[in-house]
Amino acid sequence: MPRGDGTGPLGQGPGTGRGLGRGGGRGRMGGQSLGPGGECICPNCGAKVGHKLGVPCYEMNCPKCGTKMVRG
Ligand SMILES: [Zn+2]
């Protein structure tokens, strides 16, 4: 079959470099999300106290038993 001009070779370009497949960054599984505000809880008696901004719970004492509060 006379086929005029054979233009170009059949497809097959140069091996297309495959980009280095790299797993993207791994999301960090942050622990508890401590938002502002909230409550402080006494681990001893369970009393809850409104958390004061700027004062960490562990610096507050339970009004009932005096135990250091923890973040609720
Ligand atoms: Zn308490």
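Two strands count as paired here if DSSP finds at least two bridges between them. With that in hand, let's walk through this predicted model.

**Stop 1: the sheet.** Start by selecting residues 39-41, which form strand E1. E1 pairs with strand E2 in the antiparallel sense, over three bridges. Now click on glutamate 39 and look across to E2: the residue standing opposite is glycine 50.

**Stop 2: the zinc ion.** Next, select the zinc ion and show the side chains of Cys42, Cys45, Cys62 and Cys65. Their SG atoms coordinate the zinc ion at 2.2 to 2.3 Å. Along the chain, these donors follow the spacing C-x2-C-x16-C-x2-C. Cysteine 42, in the loop between E1 and E2, and cysteine 65, in the loop between E2 and E3, are 23 residues apart, and the pair links distant parts of the chain.

Why is the arrangement tetrahedral? The four donor atoms subtend angles of 102 to 124 degrees around the zinc ion, and four donors count as tetrahedral if all angles lie between 85 and 135 degrees. For comparison, the ideal angle for four tetrahedral donors is 109.5 degrees.

**Stop 3: two of the cysteines.** Cysteine 42 has 2% relative accessibility, so it counts as buried. Cysteine 65, with a relative accessible area of 35%, is partly exposed.

Conventions: Residues numbered from 1 in each chain as written. Predicted model: local features only at pLDDT ≥ 70, side-chain atom pairs only at ≥ 80, totals over all residues. Heavy atoms only, no water. Helix = DSSP H or I, 4+ residues; strand = E, 2+ residues; numbered from the N terminus. Donors = N, O, S within 2.8 Å, 3.2 Å for Na, K, Ca; no water. Tetrahedral: all angles 85-135°; square planar, octahedral: opposite > 155°, others 65-115°. Buried < 20%, exposed > 50% of the residue type's maximum accessible area, 1.4 Å probe, protein only.
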